[in-house]
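Please look through the sequence and the model shown below, and then follow the short report on some of its side chains.

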Amino acid sequence: MKKEPQEKINKGFFKKIWYSINKIEKYPELSAEGLGRAIIYLMTLVLIIGVISSFATVYRTSLKVKEVAKYIDKKIPELTYKEDTLQVGAEEAIIDENENFGKIIVDTKTDDEQQINQYIEETSDEENAVIILKNKLMLKQSGTNGTTDYSYKDLFGQMGITEFNKQSLLDYLNGNGIMNLYFSLFASLLIYSFVIYLINLLFYIIIISIFGYLATMILKLKIRYVAIFNMAIYAITLPALLNIIYIAINAFYPYQI
């Protein structure tokens, strides 16, 4: 008698996602496609996570930049940056509270370490704070201890900026020129995210496949480890997709899980 041919799996990426989530009985057939196709599936999944994660970060950064531009326009008097030094046209230090950035202290006249340490002390109980000095920017962010220092020379040097005034800075922050910075940031984040998520998912896949292989040994089932490894790749689909959804939602409605 002639055997009827088995139903062949549609090899499309999205069909594999559907089978991975909703058709667990198809795992042996997915695994039978081989390690190469399973790895391509995993890398495609990781690339999607990386693209969405990078876009979300760039989007949130662009919102912050717009807030910075708005704050500078309304709250900061004339300023100039030249020869790695920032000067703000105010006789006394500017101390302000802002909903988005927390406590803001601007003092581009002092070199006194004692005064600077006093500013740091004043922001120690704040969740978020910004201290703007003549040669560096000091940030305090929620969940971190102390401040992080950013030298203007390093910060602006990476962007090829050597001098500016208030108006030219606002034009840059609100204009098309900053798009190049966003594209560069997106490319860097995409490479970083791809590598980190790939390593992270591979770690979980290896753990799942090891437990799966131990289970086959206990049950005395003859299944090759590579077949279990392939199935573990498809089994990671649902948590990976949930991560994608979380990243996408968090870009527009920031909250932590």
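Does Glu-33 count as buried or exposed? At 17% relative accessibility Glu-33 counts as buried, where buried means under 20% relative accessible area, exposed over 50% and partly exposed in between, with a 1.4 Å probe and protein chains only. Glu-33 lies in the loop between helix 2 (27-32) and helix 3 (35-75), and its side chain is joined to that of Lys-16 by a polar contact of 2.7 Å.

This is a predicted model, in which local features need pLDDT of at least 70 and side-chain atom pairs count only at pLDDT 80 or more, while totals for chains, interfaces and linings use all residues. Residues are numbered from 1 along each chain as its sequence is written, and side-chain values use heavy atoms, with hydrogens and water left out.

The structure holds 13 aromatic pairs, a pair being rings of Phe, Tyr or Trp (its six-membered ring) with centres within 6.5 Å; planes under 30 degrees apart count as stacked, over 60 as edge-to-face and the rest as tilted. Two of these pairs, including their geometry, are set out here.

| Pair | Centre to centre | Angle between planes | Type |
|---|---|---|---|
| Tyr-81 and Tyr-152 | 6.1 Å | 80° | edge-to-face |
| Phe-156 and Phe-164 | 5.2 Å | 75° | edge-to-face |

Tyr-81 in strand 1 (residues 79-82) and Tyr-152 in helix 5 (residues 152-157) are 71 residues apart, and their pair links distant parts of the chain. Tyr-81 and Tyr-152 are both buried, and Phe-156 and Phe-164 are buried too. Elsewhere, one aromatic cluster is formed by Phe-13, Phe-14, Tyr-41 and Tyr-234.

Terms used:
Helix = DSSP H or I, 4+ residues; strand = E, 2+ residues; numbered from the N terminus. Polar contact = N/O pair within 3.5 Å; in protein donor to acceptor, adjacent residues only side chain to side chain.
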